[in-house]
Amino acid sequence: MHAHAHAHAHAAAAWAGLALAAALYAAPSSPTRAADATASSLSEPAQLGQRIFFDPSLSASGRLSCASCHSPSHAYSSPDDGAAPRGGERLDRPPLRTVPSLRYLDATPRFTRHYYLDHGDQLEDEGPAGGFMLDGRADSLHAQALIPWLDAAEMGNRNLPDLAQRLQHAPYALQLRQLFGEGLFERPRQAVAAAALAVEDFELEDLSFHPYSSRYDAYLAGRAALSDQELRGLTLYTDSRKGNCAECHPNSPGAGGRAPDFTDYAYHALGVPRNAQVAANADPHFFDLGLCGPRRHDLEAETAYCGYFKTPTLRNSARRRQYFHNGRFTTLEQVLGFYAERDSAPERWYPIQAGRVRKFDDLPRVYRSNVDTSDAPLNRKRGQPPALAAPEIADLAAFLRTLDDAD
């Protein structure tokens, strides 16, 4: 097992030990808790969570906070062109994956291996869905908060007592004790659980995590119009024969008129090309398999999920500078071009060796059949016209830019 896999196994085990302690303090994440909050009405636990979120003293280096990877001014994603900063005690540990945004996570369901959609006459198994992180290994926002604290390649705390000690010496330690009990720091697991739950409250209550301030939101509310190009892009977005984006990124309001989050919360294997810039990929035998490893371990034997990663929201996608789990693409147009021509012109996206295209090269050959080749636009045959022509890609990109929040 690689060193970073050991580190993530340690973090997962630590969270398992915290589950009972966390349950003592709060119920699981609930989207309704954020609905009535305003920017000036954060609860005391949420105010505490805000201080914790921006505190670099909780890292082994003393220089990384949650906000180092999830910057408010970058839609709570990375300020470093979409890449995670180097972490660890000496800030010399390279990241494995890109940084997902923390926006629009309040309605995320718990992870399930089998999510069923009701099609009227039958229930259809859509496969894995829900959970937090790119591989769904956290079942709540407070579990998600814990993982980077204990990750040797991120904030670098060696264990729960070390992290609890940092909390005990933080300037808000008194506030922690007042909210969660005077004897809190005598129980390191509960001290860390309390901090994680406070961060969760901050993420649920602070409206900057779910502003719904895009032009598309205004368009849905009848307060704004889209340009002709943006409307053409919207048509392509929903056309099941063209972009077919709405299949995995629904754009229609949900129950009770809830604004769309542009994700089905599901997992898919897309065959994204290997990125040589990822340090771990210097080892030709290493593969990031998503749901079945190396960071998640409970699904390692379920090889039908190898290569699956979580569907992200498309809100603020145009603001990113690295796309997919491995950051292989750096512009929205590249992403759309890949979708349009992955199968019709694979030589444009994958390496060629001995005259043959090494398609789906970031997966071991045994798992390449997991890649989606049935849903448009990923169902073309080599040599066929692309699913989207260049002007259509420009139209679709113009629509996706209407999903950027105003801030």
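At 3% relative accessibility, Arg315 counts as buried, where buried means under 20% relative accessible area, exposed over 50% and partly exposed in between (1.4 Å probe, protein chains only). Arg315 belongs to the loop between strand 4 and helix 11 (332-341). Helices (H or I, at least four residues) and strands (E, at least two) are DSSP runs, numbered from the N terminus. The structure is a predicted model, in which local features need pLDDT of at least 70 and side-chain atom pairs count only at pLDDT 80 or more, while totals for chains, interfaces and linings use all residues. Residues are numbered from 1 along each chain as its sequence is written, and side-chain values use heavy atoms, with hydrogens and water left out.

Contact means heavy atoms within 4.5 Å. With its neighbours within four places in sequence left aside, Arg315 is in contact with Tyr104, Tyr212, Ser214, Asp217, Ala259, Pro260, Asp261, Phe262, Leu403 and Asp405. Between the C-alpha atoms of Arg315 and Thr402 there are 8.7 Å in space, although 87 residues separate the two in sequence.

Phe262, one of the contacts of Arg315, is found in the loop between helix 10 (228-238) and strand 3. Phe262 is buried as well, at 0% relative accessibility. Its phi is positive, about 60°, although Phe262 is not a glycine. A positive phi is also found at Ala75, about 55°, and this residue is not a glycine either. Ala75 sits in the loop between helix 4 (66-69) and strand 1 (116-118) and counts as buried at 4% relative accessibility. Most residues other than glycine have a negative phi, and most peptide bonds are trans.

Cis peptide bonds were assigned at two prolines. One joins Gly293 and Pro294, with omega about 10°; Pro294 lies in the loop between strand 3 (267-268) and strand 4 (309-310). Another joins Ala376 and Pro377, with omega about 5°, and Pro377 is in the loop between strand 6 (356-357) and helix 12 (390-400).

A further arginine, Arg342, is located in the loop between helix 11 and strand 5 (352-353). Arg342 has a relative accessible area of 0% and is buried.

Helix 8 (residues 188-205) packs against helix 5 and against helix 6. Helix 8 consists of 18 residues and reaches 26 Å from its first C-alpha to its last, close to the 26 Å expected at 1.5 Å a residue; the expected span is 1.5 Å times one less than the number of residues.

The axes of helix 5 (residues 141-149) and helix 8 come within 8 Å and cross at roughly 120°. Axes are lines fitted to C-alpha atoms, for helices over the stretch in contact, and angles run from 0 to 180 degrees between N-to-C directions. Helix 5 is therefore oblique to helix 8, given that angles under 35 degrees count as roughly parallel, over 145 as roughly antiparallel, 65 to 115 as roughly perpendicular and the rest as oblique. The crossing is right-handed; a crossing is left-handed if the near helix is turned anticlockwise from the far one by less than a right angle, and right-handed if clockwise. Helix 5 contributes Leu141, His142, Ala145, Leu146 and Trp149 to the contact, and helix 8 contributes Val192, Ala195, Ala196, Leu197, Val199, Glu200, Glu203 and Leu204. These residues comprise ten nonpolar, one polar and two charged. Here Ala, Val, Leu, Ile, Met, Phe, Trp, Tyr, Cys and Pro count as nonpolar, Asp, Glu, Lys and Arg as charged, and the others, Gly among them, as polar.

Helix 6 (residues 160-168) packs on helix 8 at an angle of about 60°, with the axes 8 Å apart, and is thus oblique to helix 8. This crossing is left-handed. Leu160, Pro161, Leu163, Ala164 and Leu167 of helix 6 meet Pro188, Arg189, Ala191, Val192 and Ala195 of helix 8, a set with nine nonpolar residues, no polar and one charged.

The protein chain as a whole has twelve helices and six strands. Of its 407 residues, 54% count as buried. Among contacts with a separation of 6 or more, 67% are between residues 24 or more positions apart.
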